[in-house]
Each structure stands twice: as C-alpha cells, then as structure tokens.
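Hi,

Here is the structure I promised to pass on. Have a look at it first, and my notes follow below.

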Amino acid sequence: EPDRSAHVDGAPPSKIAVVGAGIGGSATAHFLRQHFGPEVQVDVFEKGEVGGRLATVTVNHNDYESGGSIIHSLNLHMQEFVKQLGLKYRRSVAGKTAVFNGDEMILEETDWYLLDLFRLWWRYGISFIRLQMWVEEIMEKFMRIYKYQAHGYAFSSVEELLDSLGGSGFINMTRRPLSDSLLELGVSQRFIDEVIAPVMRINYGQNVSIPAFVGAVSLAGAQNNLWAVEGGNKLVCSGLLKMANANLLQGQVNSISPIHSGEVLQYQLNFTTASGTGLEVYDIVVLATPLQASVRSGVQFEGFTPPFDQLPGNYHSTVATIVHGYLNTSFFGFPDPRLFPFASVLTTETPDLFFNSVASVCPVNISTGFRRKQPQEAGVYKVFSPQLLDKPQLKTLFRSYYSVQVTEWQAYPQYGSSQGLPPVELHPNLYYLNGIEWAGSAMEMSSVAAKNIALLAYHRWNRQTDMVDQKDLMHRIKTEL
Ligand SMILES: Cc1cc2nc3c(=O)[nH]c(=O)nc-3n(C[C@H](O)[C@H](O)[C@H](O)COP(=O)(O)OP(=O)(O)OC[C@H]3O[C@@H](n4cnc5c(N)ncnc54)[C@H](O)[C@@H]3O)c2cc1C
Ligand SMILES: CC(C)=CCC/C(C)=C/CC/C(C)=C/CSC[C@H](N)C(=O)O
C-alpha cells in the first residue's frame, strides 16, 4: 500500500472522526485534541448512550453502576481524567466477602484480619502470598506505560505495547491459561478452584482457562484499593468530550470507505442520525467500539480490505440484574438474616449454579452519606449471571423484591474464542482501539489504548518514525534529557 497520508506539505489534519463515545472513544477525542491542537475538528459518533459500557440504572431514586464499576488506585489515566474534570472519587465501602459452592459457604471473611490470614494459610499454604507477589510484579511492569506515553512513545500493535512493558513474558501471558501460570508459580489447585475461579467469575464471567494477562487484571480488580467516580463513571466520558471540544454526533456510522485524490487519502463515513443519512470526509478515523460480529457495531468497510475479513472471536454475554429487595440468606445456609454478615457472595465453578455473584451495591452518589443495609432490611443487590434470571431463580435468591432491572451486556471478550490480538492500524490513518480488550478489558485498558492511538496518529501524520515501536524504552527514557 503506497503511503497516501492526507498531508503533503506538513499541514495538520483538518477533520478527525472517532466512532464510539465510551471511555475509549471519549479519551481518544481528549488525547487527539491534546496532540493535534485546537484547530482540528474532532467529531465523535455515538449510536447509543455516551459512556457505552459505563452506565447506571435508577432504583428507588438512586443510581447504581450496571456496567464498568470499579477502578484500581494505580489506574493513572482514569485518575488524571477525574482530576482534570473536577470530579470526585468515591471509595469502595468496605464489606465482607464469602465464597459459595452451591451448597454452603466454603470461605468466609471475618472482622479479624489476622484470623483471615491464618485461615488462608491453613487452607492454602503460601499460595496467597505467591499470588500477591505475582500480581504486584505485573502491575509494576504495567505502570511503565505511563512513563512511555508521557515521553510521547507509541506502539503500532498491542503486541509491541505489551512487549515494551514486560517483554515476551507479557505476550505469552495473553496466550496461555491463567491456571497454567499459577500452577507453575506454585499456587495450589485448591486455591485456584476456591479463590481464583470465583474472582474470574465475578469479573469476567469466565473460568481459570482465560489468558494469564487478563487473569492478572482481574486479580488486580479484586484488591482492596479500588474506587469509582462520584455521580457515576460515565461522567468521565461526557466530561472528556466537553473538555476536548468535540462535536458529538448522535448516530450510527454505517460504512467507512477510502477516497483517493492524487497523493491524498481520506475516509468517507456514511452515517444515520435521527434526521436521516449523511456523509462526511475525514483525514483520520479512530474506531472505538468492538468490531466482532456479536457486538453488532454495524460498521462496514467498503473499497478496501482491512487486515481481517471479519474479526474472529465473540463477546461474552453477561447479565447484570439489579434487585431491590430482601436477600434469601437461607439459600446460603443462614436462616436468620441478622446473622448474615456478607456484602458479596462469589461462587465456585459448580454445574447448575445459575449465577456468578450477588453483592450489595452502593449508589453512585454517596457523598451525602451511605450505610450498607443489613440483610434483614430491603437493600439493592447486583447479580451477575450468564443468562437472564427467570422468576424461580429470582425467588431462590430473594425472599421478596420491589423491583428488578436487567442489563444484558456484550460485556468483554469471550477469551479463548480467538487466536491472537487484533490489529491497531487497519489502513493508513485508520485505527482500531478495542483490540486491546483481548489482552485485558477494563476502563484503564481502553484509556491506555486511547492515548496510544492519539500518539500513533500524531506520529504517523508527522512521519516521526523514531517515536513508534522503539525498543529498550526504559533505558532510552533514563538517558533522555
Ligand atoms: C458488566 C460489566 C462490568 C464491568 N466492570 C468493570 C470494572 O469494574 N472495572 C473496569 O475497569 N472495567 C469494567 N468493565 C469493562 C469496561 O466497562 C470496558 O472495558 C470499557 O467500558 C470499554 O469501553 P470502550 O469505550 O472501549 O467500549 P464501549 O464502552 O463499548 O464503547 C463503544 C461505543 O461505541 C458505540 N458504537 C458502536 N458502534 C457504533 C457505530 N457504528 N456508530 C456509532 N457508535 C457506535 C457504542 O454504542 C458504545 O457506546 C465492565 C464491563 C461490563 C459490561
Ligand atoms: C488495567 C489494570 C492494570 C487494572 C484494572 C483492574 C480492574 C479495575 C479490573 C476490573 C475488571 C472487571 C471487568 C471487573 C468487572 S466486575 C466489577 C465489580 N466486581 C462489580 O461487581 O461490578
């Protein structure tokens, strides 16, 4: 493919399109504005709600997160967005966790930290210490991305990005099962079945054969230094679009086709809004939505072949059911609800168990003060399950309820349903953000990909090859003035 980027004379791009206003697309709009400056027109297309998989539902006059809910304390892009937007942090309200195997609770957190540690040691040996150290080491390497991005370095593929952080070790972690990595580390099978599997089930609705890298992301999401955005995580998306001075176009992009005029390559986007169909021409386009068939983005490529026919793999369906009612603690072996001390119940991989987790949830506005309800009181609970819950299943989990709100998500990749990581560059100046989810799906992963694409687009436009896919970045950065 000849190099037909739009600029012939060093001129900046005049129009950039971003498809999707989830955290990935809105962060991309923000970073594009940072790098390309105030003159370029940034149009963001959104066919649904701004926020995408960050969304809330209203129950009894309060809003609750129904999609992406927790953020790690070391997720620095999310942290920075919240700071720049003047939003507030909402710390997770402490609550005890138990693990249920379909018959009984096999693990119960208590009020005594030392007792919990002793019990873990008694049951699993030093598995939990090994695991803690493994996750810490991965997090430490992952944190290198912030330095590389602050120095302006970009990567042309997810593999290159991971390689720069953790070498071939990180890339291999996207290919081998989590259980294999943990067994090799010396973590016991019992610990994997009773602790790791329940965490994978609540976070990704999948089992311990998911790749080790996303497994580590999931375990980081089970640590106790988590937070969320006061008012709802989706406020970050609307805030970023505003701060980027982006034009939000409420509509669906139907097709993308290249237009060649001499040396110049641009893209025509055909779209449908409430007022009918339209088309616009752009110098740079970023696709910030999954393109797998099961997600039904509706985007077609015309007049060129991207580096795939149809992106392989599927997205995993997860149902989030938010119930306002009375938990049936008897089902968990606690006939007296006053003696049920848990805020979250995780589950082991058990045939016929119809749910992955049930947890008492906090409203997104807790600055006014919030107390977790006792199980003998009516409370708000979130149930994750692979399928819609029917009435008998709801009646199994809840003695009675006032309301039930259901969101069916194409939530995250069905790990193992595809080989390899999707490409970032689909054609000159046409980028794809969501391939990173096949390494790990989380708000911060989309934010890291957004910064990377903004940098990559900028360097490609300005032909700065020395800022893309550079090796030995730790050393380079140390020696840069
Ligand atoms: C139930 C659930 C719980 C989760 N929990 C967490 C968590 O606790 N912590 C965490 O970090 N992550 C969590 N995640 C993952 C996280 O929510 C996602 O990784 C992240 O939100 C993905 O953002 P995105 O912008 O890349 O994609 P999306 O949010 O999917 O955004 C894509 C957007 O593109 C739009 N779109 C699609 N096609 C078109 C088109 N043709 N034209 C115009 N617009 C289009 C869509 O409407 C959508 O708004 C969770 C996800 C789910 C579903
Ligand atoms: C990207 C890095 C380094 C860390 C992110 C860690 C993190 C916050 C992972 C969460 C992943 C995830 C998909 C959680 C889904 S369920 C969340 C929660 N338990 C809920 O009940 O909603």
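Before the notes, one definition: helices (H or I, at least four residues) and strands (E, at least two) are DSSP runs, numbered from the N terminus. Keep in mind that this is a predicted model, where local features need pLDDT of at least 70 and side-chain atom pairs count only at pLDDT 80 or more, while totals for chains, interfaces and linings use all residues. Residues are numbered from 1 along each chain as its sequence is written, chains are lettered from A and ligands numbered from 1 in the order in which they are written, and side-chain values use heavy atoms, with hydrogens and water left out.

Let's start with ligand 1. It has 37 residues around it (a heavy atom within 4 Å), and G24, E46, R53, I70 and S297 are the closest. α1 (23-36), β2 (41-46), β10 (247-261), β19 (398-413) and α12 (443-461) each supply at least two residues of that shell. By class, the shell around ligand 1 has 16 nonpolar, 17 polar and four charged residues. Here Ala, Val, Leu, Ile, Met, Phe, Trp, Tyr, Cys and Pro count as nonpolar, Asp, Glu, Lys and Arg as charged, and the others, Gly among them, as polar.

Now for some polar contacts (N or O atoms within 3.5 Å). A polar backbone atom of G24 is 2.8 Å from an oxygen atom of ligand 1, and a polar backbone atom of I70 is 2.7 Å from a nitrogen atom of ligand 1. For S441, an N or O atom in the side chain sits 3.1 Å from an oxygen atom of ligand 1. On its own, ligand 1 has 1000 Å² of accessible area (Shrake-Rupley method, 1.4 Å probe), and the protein covers 92% of that.

On to ligand 2, with 15 residues around it; S69, I70, N203, K382 and F384 come nearest. A polar side-chain atom of S69 lies 2.7 Å from an oxygen atom of ligand 2, and one of K382 lies 3.2 Å from an oxygen atom of ligand 2. The protein covers 88% of the 610 Å² that ligand 2 has on its own. α8 gives the most to this shell, with three residues.

Cheers

Notes:
A polar contact is a pair of N or O atoms within 3.5 Å; within protein, one must be able to donate a hydrogen and the other to accept it, and residues adjacent in sequence count only if both atoms are side-chain atoms.
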